[in-house]
There are 2 protein chains.
Amino acid sequence: VTIPATTLAVSGDRFAATYDLIGDPGEARARAEAICVEQTIEFPADLIADDDIRRHVIGRIEALDVVGPARVRAHISYAVETSAFQLPQLLTVLFGNCSLLPRVRLVGFELPPSMLGHFRGPRYGSEGLRERLGITDRPLMATALKPMGLGATQLAAMAGVLATAGIDLIKDDQGLADQPWARFEDRVRACAAAVHEANDRTGGRAVYLPVLNGPTEELVARAQAAKEAGAGGFLILPGLIGFDAMRALADDDLIGLPIMAHPGFLGSFVSSEDAGIEHGVVLGALMRLAGADLSIFPSYGGRFSFSRDACASIAEACRQPMGLVRPCLPAPGGGMTLPRIGELLDFYGNDVALLIGGDLHRGDLLDNARRMREAVERLSTAQPAAIAGG
Amino acid sequence: VTIPATTLAVSGDRFAATYDLIGDPGEARARAEAICVEQTIEFPADLIADDDIRRHVIGRIEALDVVGPARVRAHISYAVETSAFQLPQLLTVLFGNCSLLPRVRLVGFELPPSMLGHFRGPRYGSEGLRERLGITDRPLMATALKPMGLGATQLAAMAGVLATAGIDLIKDDQGLADQPWARFEDRVRACAAAVHEANDRTGGRAVYLPVLNGPTEELVARAQAAKEAGAGGFLILPGLIGFDAMRALADDDLIGLPIMAHPGFLGSFVSSEDAGIEHGVVLGALMRLAGADLSIFPSYGGRFSFSRDACASIAEACRQPMGLVRPCLPAPGGGMTLPRIGELLDFYGNDVALLIGGDLHRGDLLDNARRMREAVERLSTAQPAAIAGG
């Protein structure tokens, strides 16, 4: 054995990860043991002495539960120190190499206070966002500026109409980057000005959220420039710039604006029930831990194919207790329509940001946006949502 | 119609994306049309006038080929301008929302010179790396410092042994972040010094590549500090820090060191044949476009489950023509062993970096590492690899 027996100063605190192992239950223990090694030392376990690396660094199987005919849920814990208390390394331990193993799905994780204390999470969260926007109890309303191809002036005109109608959150479509026909700076300046002008006129508090989608070298400068131009938040795609880059923007006190997270490029994590990461974990818990004040996801019944259960799990993960990390707002979208507002609020409850995009453009935009506002106010319910944890 | 008819100055240049649509071939055209819209305007197509947005911005179906009983390959082209000539937005157009659609797999993309000119790709690539390391024709050898839990002094001792034996690339294990028992700065300083000391002694040119795994705010500073401490390159996990953050590090002239990319957290893109992104696209072409000089992947026959075909597609994507973007080196690893070197070289050819980790520690590390070096030199073949494109 060439690896010296090692003594480590560790707290004894551990965090929990839960994996579904799909396949023969008789192989589950061996597979769980392999995960304990793969996610930490990634080294032949038989070459490790009976030391603190074996006792503390290698993951530990806490329980194996059969949850289906060919599905065993493995509860594994890791020493908090393995995460370095930093998001990229936490994700490495939770699912880095594991993502490359067949038929393993990360279905949950739980961090002790000693780790959660290192994560600020959403700067505003659900409550802070409501306070900032002056909305006490009704659902928030969100929409997107599109289609790609319009110029800054046209997008700004659209933003002005939407703000006039009282839509709370007016975001760039995630595909508006820095195209020649609507450069980032021009677009942000024009759209922010149009929203502010409408607010001045109506007494409203609508905000404009430009998309920050690289290049990496310019992210912080773009965020600052957008803030100076009057942006009220940002749309971020952690699937493209990384969860930790979103976390860094959320943590930046010089920026300090709300963040709306978009699931673009992250769909492959949820597309198979036998691999990847559970919907609520990747689009709820991780978004929130990484600083999203709102998490967009494609709702059931739209252009995409998320089930009601998947959507409920995302909304629940946005809201459930997570130490001092603030709850964030689920933002279901992806083909939502005006006639569905009542049903969506019944399902998601009031603590939600309803995202309706293209459907507002069928007919007169101002009228439709006003109907959205009116419907949300009328259909807001004091009653709890239909979904668990809502 | 509220969207004004729009005139756009576009070049007419287009880039190509190829998607496999799994399911009823009779629905393939409608699904391909939906992708053309979803990836660009994300807006009801019937509300778009007969204008330049319709003609140029919406994706265009170039061909639909039935490639299996329930599999249609859709060749779709997009105007180069939609990508804003930037990586995050290119990924958004290629697969952003598409990742959230069921049973769609991105199996290829091709960029015209007008786009490739905006991507430097690998700073060194296969040839530049060989020149830098003074290795003309034999395969490169790589290994990892581990297990997690060892202190900086112990890891440095290990690095010194490996450099003494003549291993070319000595990287941090991807799980070595900034844990209390081996702080980033201490580890990098100690390991770089040990490798330089061994080089001085042997006349070798081994390099040490620390992992740069966040936090985002410190990435560039860490890279610079590591370079000053004598690091000869970096290990990067684009699945965690984002492809564009890797691209930015590769493009940074003040850093300018080789980059080895690690597939951690990216496995979910390849885990289903009916969703996600083809192995060669995500672990070959995208790694290379985003500046990786070497791309690590779990080889067939190891702890993971990649097929021979998948591994061949990655190696091919690292090497095939891509305008002026340099070829990068495939780096198969993940449970490789000394007795397999001959077989691996037969399969991958000489233009490869063989990554052997844990197996070097079975017995005496120095002896084993020397045996690796000796085997690679002895088994190097002038003949082409068995795989296509190799």
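Analyst: Gladly, beginning with a helix pair. The axes of helix 11 (residues 279–289) of chain B and helix 12 (residues 308–319) of chain B come within 8 Å and cross at roughly 25°. Helix 11 of chain B is therefore roughly parallel to helix 12 of chain B. Some ground rules: this is a predicted model, in which local features need pLDDT of at least 70, side-chain atom pairs count only at pLDDT 80 or more, and totals for chains, interfaces and linings use all residues. Residues are numbered from 1 along each chain as its sequence is written, chains are lettered from A and ligands numbered from 1 in the order in which they are written, and side-chain values use heavy atoms, with hydrogens and water left out.

User: How are the helices, axes and angle classes defined?
Analyst: Helices (H or I, at least four residues) and strands (E, at least two) are DSSP runs, numbered from the N terminus. Axes are lines fitted to C-alpha atoms, for helices over the stretch in contact, and angles run from 0 to 180 degrees between N-to-C directions. Angles under 35 degrees count as roughly parallel, over 145 as roughly antiparallel, 65 to 115 as roughly perpendicular and the rest as oblique.

User: What is the handedness of the crossing of helix 11 of chain B and helix 12 of chain B?
Analyst: A crossing is left-handed if the near helix is turned anticlockwise from the far one by less than a right angle, and right-handed if clockwise. This one is right-handed. On the helix 11 side, B:H279, B:G280, B:L283, B:G284, B:A285 and B:R288 meet B:A310, B:S313, B:I314, B:A317, B:C318 and B:R319 of helix 12 of chain B, where contact means heavy atoms within 4.5 Å. These residues divide into six nonpolar, four polar and two charged. Ala, Val, Leu, Ile, Met, Phe, Trp, Tyr, Cys and Pro count as nonpolar, Asp, Glu, Lys and Arg as charged, and the others, Gly among them, as polar.

User: Which residues make the contact between helix 6 of chain B and helix 14 of chain B?
Analyst: First the geometry: helix 6 (residues 152–165) and helix 14 (residues 365–379) of chain B pack at about 35°, with axes 8 Å apart, in a right-handed crossing. B:M158, B:V161, B:L162, B:T164 and B:A165 of helix 6 touch B:L365, B:L366, B:A369, B:R370 and B:R373 of helix 14.

User: Is B:T164 buried or exposed?
Analyst: Buried means under 20% relative accessible area, exposed over 50%, partly exposed in between (1.4 Å probe, protein chains only). With a value of 18%, B:T164 is buried. Its side chain reaches the backbone oxygen of B:G160 at 2.7 Å, and a polar contact of 3.2 Å joins it to the side chain of B:R201. A polar contact is a pair of N or O atoms within 3.5 Å; within protein, one must be able to donate a hydrogen and the other to accept it, and residues adjacent in sequence count only if both atoms are side-chain atoms.

User: Where is B:Q174 found, and what does its side chain contact in chain A?
Analyst: B:Q174 sits in the loop between strand 6 (169–172) and helix 7 (184–202) of chain B. Because its relative accessibility is 4%, B:Q174 counts as buried. Its side chain makes a polar contact with the side chain of A:E42 (3.0 Å), and another, of 3.2 Å, with that of B:H262. Leaving aside neighbours within four places in sequence, the contacts of B:Q174 include A:Q89, A:T92, A:N97 and B:N213.
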